[in-house]
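Here is a structure to look over.

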Amino acid sequence: MKAKIISNSCVKGPCYKLLLKPLNPVKSVPGQFLMIRPGASDGPSDPLLPRPFSIHRATTDDHIEVLYKRVGKGTAILASLSAEGELEILGPLGNGFVFDGVAAAKEVVVVAGGIGVAPMLGLVETLRAGYPEKEIRVFLGGRGEVDLLCVEELKAVSTEVILATNDGTMGFKGYVTEALEKHLSQSLITHHSSLVTPIIYACGPSPMLQRISEITEPLRIESYFSLEANMACGIGLCMGCAIRSRDGKGYYLVCTDGPVFRGESVDLSGNPPQSPFNKGGD
Amino acid sequence: MKPDLSIEIAGIKLRNPVMLASGTARYGEEISHHCDLNQIGAIIVKGIALKPTPGNPPPRICETPSGMLNAIGLPNIGVDAFIKEKLPFLRQFDTRVLVNIFGSTVEEYGEVAGRLEGVDGVDGLEVNISCPNVKEGGIAFGTDIGITRRVVQTVRRATTLPVIIKLSPNVTDIASFAKVCEEEGADGLSVINTLLGMSIDPKTWRPRLANITGGLSGPAIRPVAIRMVWQVHNAVRIPVIGMGGIVTTEDAVEFFLAGASAVAIGTANFINPKVSLEISEGLERYLESRGLKNITELIGAVKTA
Ligand SMILES: Cc1cc2nc3c(=O)[nH]c(=O)nc-3n(C[C@H](O)[C@H](O)[C@H](O)COP(=O)(O)OP(=O)(O)OC[C@H]3O[C@@H](n4cnc5c(N)ncnc54)[C@H](O)[C@@H]3O)c2cc1C
Ligand SMILES: Cc1cc2nc3c(=O)[nH]c(=O)nc-3n(C[C@H](O)[C@H](O)[C@H](O)COP(=O)(O)O)c2cc1C
Ligand code: FES
């Protein structure tokens, strides 16, 4: 489907915000994504494949915002496009976040690392609208201040935003998962008599998500991760976007089974599989 | 009158000569949400083996200049589950279904072919010989001429279905492989499978695929595919299904001119899942604009003299 570029501008450092008006209105839920073809739609062969991007925010007037970081060929082309142009998009794709556990949870904890904040603003806005009384804590992490995005927007719709940077240029100095661990240990002590736990939504680099698993699983905290994988099609055709399942038997496809998964269902360790796996072959 | 795009290949009548290539449309369901399967010539399903296999660890794919590398590792649900769970969906459509089969031993090819014999909704077999031969140290069946002959013999004996052998491009003289397949009773040839490739990340010094090497597809391989279709077309009388980097109508026309009787679209489905419909419509317009009545007028018509 064609989408008109309404605006496309730098937000901070290498990060940009793209505002699109799809030809036909698109109904989406937080956590879903789009495949966007960088450049013209009449078959440029380099870059060849469309790129996956989270729906940052779906506005009430049928516009879609995408928050993206310039990292390679495709995103460099995207960053160079000007308003009034057109893009070829496919979506919304994937499953999106699940809210079943929110009502019963003590609080909602949202953790985002770097550009991983992209799907989280829409998530927090939707949660705030659906559960006006719920405490929502957002943990934003990055290497430095420049990596922390959407801080003001998140503050407007959450109970508290906790910032963490590795270099200490803003907020807590250290990993965002350390700040998270501190918070959880304190809040669990104060509530130790009850079994009510928070619910966690997270998006960011694999090591961050893995660390969150290590922290939350012993505490039996329900967690949802939005995952990334190299993608070619985004719609379940190529089977390229595999992520190992925790039962060790096989794989999920991030594009159609995800991109949002229960934390304990996926193996993010990157360790070689135990079972005798097939080698070679398309 | 509209030009005639229909064609009979290996005894299979096709509405039009545009197929979905194996491994790029799974078992049809996902792509059917984007592309009307009633309007394509045929779907060649993702490779099927005797037993289910999970596929390779990630990363399984990466983009390369005008192409992509993949080492998906042939994840498959096994032939019995395919017949029970996937084929009924495909039977709803007025299209042809070619089942792409593979094995880890020569005998396994025969067994899979045998199970598909007489199954309602299967119009033919496409035999992938580019996968590793477990008994022979993992060398691809299709790069050894003696083993290629044995695979074709084994499948031929196991089935009365049309048998199309999908040739590996990773050989020095593809024409000699084509001739062996024809001698052993193959009804058609698919040309080409992916080219073996590799890509390394200069930042991490690591291969970009967990499997280290992978199959190259997309526009990057088109000139190689065209050359091989032309060589095979000149070497045998059985029909050729041409594939490798087709994205546009003009790309498909190139394959017909080189000697293909039909084409298959692979990687381009990932960019635009409707592309095969657009190409079959494009072919009709192309024939019209040239005053041609029949797609067969293009086959092998390249002017080399
Ligand atoms: C479900 C999902 C949602 C995403 N949402 C966002 C978002 O909202 N904002 C954002 O900035 N980025 C997002 N990404 C990552 C984004 O897709 C990549 O940064 C982008 O594809 C890089 O393209 P490139 O051409 O600039 O880089 P290159 O490195 O030149 O890309 C080459 C190839 O690798 C693939 N690739 C490279 N990095 C990634 C990656 N991290 N994830 C998936 N594929 C990759 C590309 O698709 C392409 O095929 C998301 C990824 C996924 C899977
Ligand atoms: C992701 C992917 C998976 C594939 N899986 C199979 C397969 O299971 N069996 C097979 O015979 N070929 C498989 N192929 C090869 C294609 O069918 C085709 O021969 C090749 O990609 C060249 O065509 P293209 O450049 O149009 O993609 C696969 C290709 C890709 C890119
Ligand atoms: S990206 Fe192709 S199957 Fe997921």
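Q: Which elements of chain A each supply at least two residues of the shell around ligand 1?
A: The model is predicted: local features need pLDDT of at least 70 and side-chain atom pairs count only at pLDDT 80 or more, while totals for chains, interfaces and linings use all residues. Residues are numbered from 1 along each chain as written, chains are lettered from A and ligands numbered from 1 in written order, and side-chain values use heavy atoms, without hydrogens and water. Helices (DSSP H or I, at least four residues) and strands (E, at least two) are numbered from the N terminus. The elements of chain A are β4 (51-54), β6 (64-69) and α1 (73-80).

Q: How many residues surround ligand 1?
A: A residue is near the ligand if one of its heavy atoms lies within 4 Å of it. Among the closest are Pro52(A) and Glu228(A). Ligand 1 lies between chains A and B, and the residues that surround ligand 1 number 22.

Q: Which element gives the largest share of the shell around ligand 1?
A: Domain 1 (2-93) and domain 2 (108-265) of chain A each give the shell at least three residues, with bounds from an automatic or database domain assignment. The largest share is four residues, from β4(A).

Q: What share of the accessible area of ligand 1 does the protein cover?
A: Polar contacts here are pairs of N or O atoms within 3.5 Å. An oxygen atom of ligand 1 is 2.6 Å from a polar backbone atom of Pro52(A). On its own, ligand 1 has 820 Å² of accessible area (Shrake-Rupley, 1.4 Å probe), and the protein covers 83%.

Methods:
A polar contact is a pair of N or O atoms within 3.5 Å; within protein, one must be able to donate a hydrogen and the other to accept it, and residues adjacent in sequence count only if both atoms are side-chain atoms.
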